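Reader: I would like a close look at one part of this model, with the cut-offs spelled out. Please start at the end of the chain and then move to the part I care about.

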Amino acid sequence: PSHEETVCNGYALRQVLTRLPKEEQELITLRYFKGFTQMVTANLLGCTQVQVSRRERQILKKLRNELL
């Protein structure tokens with residue numbers, strides 16, 4: 001993608017992320033912006049790795065639907 005497309009995509013993603021509930025924003029931030037594993041994210045959020053995996057999949061599906 002061109003620089004312009006990348007900037008536009010980043011802007012659109014930020015807009016969609018701000019509409020997520022805070023808990024979902026936190027999970028996505030930990031996983032994709034801070035680069036933590038699912039296990040580390042689970043420990044920080046006080047849940048299991050399986051719960052992080054399931055929630056992450058649901059959130060990513062929601063983000064894809066919002067962006068398409």
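Does Leu-67 count as buried, partly exposed or exposed, and at what relative accessibility? After that, my request is for H2: which helices do its buried residues pack against?

Author: This is a predicted model, in which local features need pLDDT of at least 70 and side-chain atom pairs count only at pLDDT 80 or more, while totals for chains, interfaces and linings use all residues. Residues are numbered from 1 along each chain as its sequence is written, and side-chain values use heavy atoms, with hydrogens and water left out.

Leu-67 has 40% relative accessibility, so it counts as partly exposed. With a 1.4 Å probe and protein chains only, buried means under 20% relative accessible area, exposed means over 50%, and partly exposed is in between. Leu-67 sits in helix H4. Setting aside residues up to four places away in sequence, Leu-67 touches Ala-12, Leu-13 and Val-16, where contact means heavy atoms within 4.5 Å. From Leu-67 to Ser-2, 65 residues away along the chain, the C-alpha separation is 18 Å.

The protein has 4 helices and 0 strands, in the order α-α-α-α along the sequence. These elements are DSSP runs numbered from the N terminus (helices: H or I, at least four residues; strands: E, at least two). Along the principal axes, the C-alpha atoms fill a box of roughly 40 × 20 × 15 Å. Of the 68 residues, 25% are buried. Among contacts between residues at least 6 apart in sequence, 46% join residues at least 24 apart.

Now H2 itself, residues 22-33. Its buried residues are Glu-24, Gln-25, Leu-27, Ile-28, Leu-30 and Arg-31, and they pack against H1, H3 and H4. Just after H2, Gly-35 takes a positive phi of about 75°.

Take the H3 side. H3 covers residues 38-45, and it packs with H2 at an angle of about 140°, the axes lying 9 Å apart. Axes here are lines fitted to C-alpha atoms, for helices over the stretch in contact, and angles run from 0 to 180 degrees between N-to-C directions. H2 and H3 are therefore oblique to each other; angles under 35 degrees count as roughly parallel, over 145 as roughly antiparallel, 65 to 115 as roughly perpendicular and the rest as oblique. The crossing of H2 and H3 is right-handed, a term for the near helix being turned clockwise from the far one by less than a right angle, with anticlockwise giving left-handed. From H2, the residues involved are Glu-26, Leu-27, Leu-30 and Arg-31; from H3, they are Gln-38, Thr-41, Leu-44 and Leu-45. By class, this contact of H2 with H3 has 4 nonpolar, 2 polar and 2 charged residues. Ala, Val, Leu, Ile, Met, Phe, Trp, Tyr, Cys and Pro count as nonpolar, Asp, Glu, Lys and Arg as charged, and the others, Gly among them, as polar.

Beyond four places in sequence, Thr-41 touches Leu-27, Leu-30, Arg-31, Phe-36 and Val-52.

The H4 side has another geometry to describe. H2 and H4 pack at about 100°, with 10 Å between their axes, and are therefore roughly perpendicular to each other. H2 brings Glu-23, Glu-24, Leu-27, Ile-28, Arg-31 and Tyr-32 to this contact, and H4 brings Val-52, Arg-55, Glu-56, Ile-59, Leu-60 and Lys-62. By class there are 6 nonpolar, no polar and 6 charged residues.

Glu-24 lies in H2 and is buried, its relative accessible area being 18%. Its contacts outside four places in sequence are Ile-59 and Lys-62. The C-alpha atoms of Glu-24 and Arg-55, 31 residues apart along the chain, are 8.0 Å apart.
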